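Here are my notes for a colleague opening this entry for the first time. Please keep the viewer open and follow the points in order.

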Amino acid sequence: MKNIVKDVRERALATIEKYSMLTEGMSVVIGFSGGPDSLCLFDLLLDLKDELGLNLYPVHINHNLRGEASDSDQRFCEEFAHENRLTLRVFTFDCKAAAEKEGITTEEAGRNFRYESFLEVAAEAKSVHPEADVAIAVAQNADDQAETVLMRILRGTGVDGLSGIPYKRPATRKRDVADGQAAAGDRTAVNIIRPLLDIYRKEILEFCKEKNLEPCIDQTNDEPLYSRNKLRLELIPKLEKDYNPNVKEALLRLAAAAADDRTMLESLAESIYKDEVRIKADDTHGAACAASIEGTVGAAGIVADNSRIISLDRHSLIEAEPAVRRRVIALALKDAGLTEDVGSVHYEAIADVLSSDNPSAKTNLPNGYSVWRVYGTLKMGKKAEGVGNCDGEGRELGSFEVKELTIDELDSIEKVPNTYCAFDLDLMKRELGEKALSRLELRGRRPGDEIKTEGGTKKIKDLLIDMKVPKDERDDVRLLTVGNQVLWVIPEGESTRPRYTSKWKITGETEKIAYIVLIV
């Protein structure tokens with residue numbers, strides 16, 4: 001019979017060594033929930049503390065989601081740290097309120113806050129031991145890895161998604177901590193490390209039992225309330241029973257193979273981007289909205305808010321293999337400043353611009369960014385600020401005013417047909433958060449735009465065809481949007497009638513109304 005404590009320790013140490021997770025004298029921030037995984041991780045790092053001269057900084061996040069159970073977990077973590085002569089940093093967080101405010105799930109809100117807290121403690125650790133490297137140790141295990149890969153397969157993913165959770169990756173910026181993206185010049189650079197990623201949950205429970213560790217148990221983990229819980233409690237057991245008893249191991253092998261492929265493709269893309277595709281000459285062309293406004297862009301291609309105009313050689317990019325080409329474009333977008341909200345539909349739109357016979361083809365991307373052709377050059381960057389609300393051709397889009405009204409107030413307002421829209425404000429905030437109205441944007445159409453109709457969901461491209469809007473006029477249609485959700489298709493002249501989303505329409509139960517009126 002194998003010694004589970006020795007086995008887990010040796011395999012965790014092998015993972016640490018393989019991925020160079022720890023160095024002598026390092027400062028390690030430990031994510032410590034009190035559950036079996038984090039307790040096992042904490043115990044292993046305590047064993048290595050004197051051997052490697054580690055400086056340990058355990059951190060506990062109280063999400064206030066489970067009432068007294070959350071407070072009990074906090075007390076357990078405080079006592080365990082105290083028994084091992086360490087001070088526990090505790091962060092208290094109203095996860096539910098933050099999720100509602102930001103219009104995101106509680107899982108996402110909790111993850112964002114956790115990593116922000118970890119990074120704050122990492123910065124403190126660096127100030128105490130400025131010569132030491134810093135890492136954030138979190139306790140995802142092999143089961144988490146298998147579940148992540150399977151979930152991504154079900155949702156649809158490419159090679160990068162199949163590679164699963166990384167063993168080690170940098171995290172430096174506030175907004176990038178959850179994804180582990182690096183950004184030079186920001187706060188103290190740290191690595192996120194996962195020493196238990198080769199250890200199964202069952203083995204961790206046996207480890208804790210053998211060492212007389214009594215972890216906190218979150219009962220909600222045994223309830224199929226969330227997608228991951230349902231996958232873990234229902235789908236994987238069925239796959240093990242009916243298809244492959246070793247399905248977790250198979251998923252882990254898939255993740256490892258995909259990770260190897262991803263590393264190779266990324267290395268090749270970086271080489272091509274650096275040596276063949278990116279044009280190093282100073283860029284004097286304007287970005288999207290500012291293209292025709294003299295003096296908006298400086299000689300180095302830097303526009304408002306420090307984003308950049310990146311120029312790529314079209315011919316070299318077309319010659320690259322598709323899998324490498326997409327990664328080259330991703331590198332360019334990152335250099336231009338766009339690191340979030342880019343999906344497959346946007347890469348497909350960029351591919352259309354790249355292959356188009358039109359030497360001035362263009363497409364809009366999230367967060368004000370655009371990609372456009374200048375004959376043999378593909379350019380990408382962000383619209384300059386301070387030049388009005390306009391599209392890629394410099395066309396003025398106008399502006400709008402938003403008011404929160406009651407039904408009686410709406411009825412009393414004199415309204416000009418086709419210049420306003422109105423929606424159930426409570427329904428909007430329930431889905432989009434308290435800042436829903438601040439997320440509204442007036443713009444032209446973009447790839448992926450869609451509108452909710454009584455019959456389902458329709459792409460804006462298809463809606464404009466149904467509306468018999470001429471092809472050469474479709475880019476002139478203005479849209480009021482939240483992300484890629486269209487609330488209002490604004491009429492242009494007498495030939496086009498307005499269309500509105502059916503998602504938050506006013507009913508007899510509506511109490512508060514979002515009233516949006518077009519100014520120009």
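1. Surface. The chain exposes about 26,800 Å². Carbon and sulfur atoms supply 48% of that area. Keep in mind that this is a predicted model.

2. Overall build. The chain has 520 residues, and 45% of them count as buried. Its secondary structure comes to 16 helices and 19 strands. Now look at contacts between residues at least 6 apart in sequence: 70% of these join residues at least 24 apart.

3. Cysteines. How many disulfides does the structure hold? The count is zero. Cys-95 has 1% relative accessibility, so it counts as buried, the cut-off being under 20%. Cys-421 is buried too, with a relative accessible area of 2%.

4. Helix α4. This helix covers residues 95-102. Which of its residues are buried? They are Cys-95, Ala-98 and Ala-99. These residues lie on the same side of α4, because they cover an arc of only 100° around the axis. What do they pack against? The partner is α5, residues 106-128.

5. The end of α4. Gly-103 comes just after the helix. Its phi is positive, at about 70°.

6. A glycine in a loop. Where is Gly-455? Its place is in the loop between β14 (450-453) and β15 (456-459). Is Gly-455 buried or exposed? Its relative accessible area is 79%, so Gly-455 is exposed, the cut-off being over 50%. Now find Ser-502, which is 47 residues from Gly-455 along the chain. The C-alpha atoms of the two are separated by 9.5 Å.

7. Phe-32 lies in the loop between β1 (27-31) and α2 (36-52), while Phe-42 lies in helix α2, so the pair ties together parts that are ten residues apart in sequence. Both partners are buried: Phe-32 has 2% relative accessibility, and Phe-42 has 0%.

8. Aromatic pairs, a stacked case. Trp-488 and Tyr-500 also form an aromatic pair. Their ring centres are 6.3 Å apart, with 25° between the planes, and the pair counts as stacked. The pair links distant parts of the chain. Trp-488 is in strand β17 (residues 485-490) and Tyr-500 in strand β18 (residues 499-500), twelve residues apart. Tyr-500, at 36% relative accessibility, counts as partly exposed.

Methods:
Residues numbered from 1 in each chain as written. Predicted model: local features only at pLDDT ≥ 70, side-chain atom pairs only at ≥ 80, totals over all residues. Heavy atoms only, no water. Helix = DSSP H or I, 4+ residues; strand = E, 2+ residues; numbered from the N terminus. Buried < 20%, exposed > 50% of the residue type's maximum accessible area, 1.4 Å probe, protein only. Contact = heavy atoms within 4.5 Å. Areas by Shrake-Rupley, 256 points an atom, 1.4 Å probe, with all protein chains shown as cover. Disulfide = S-S within 2.5 Å. Arc of directions from axis to C-beta. Phe/Tyr/Trp six-rings, centres within 6.5 Å; stacked < 30°, edge-to-face > 60°.
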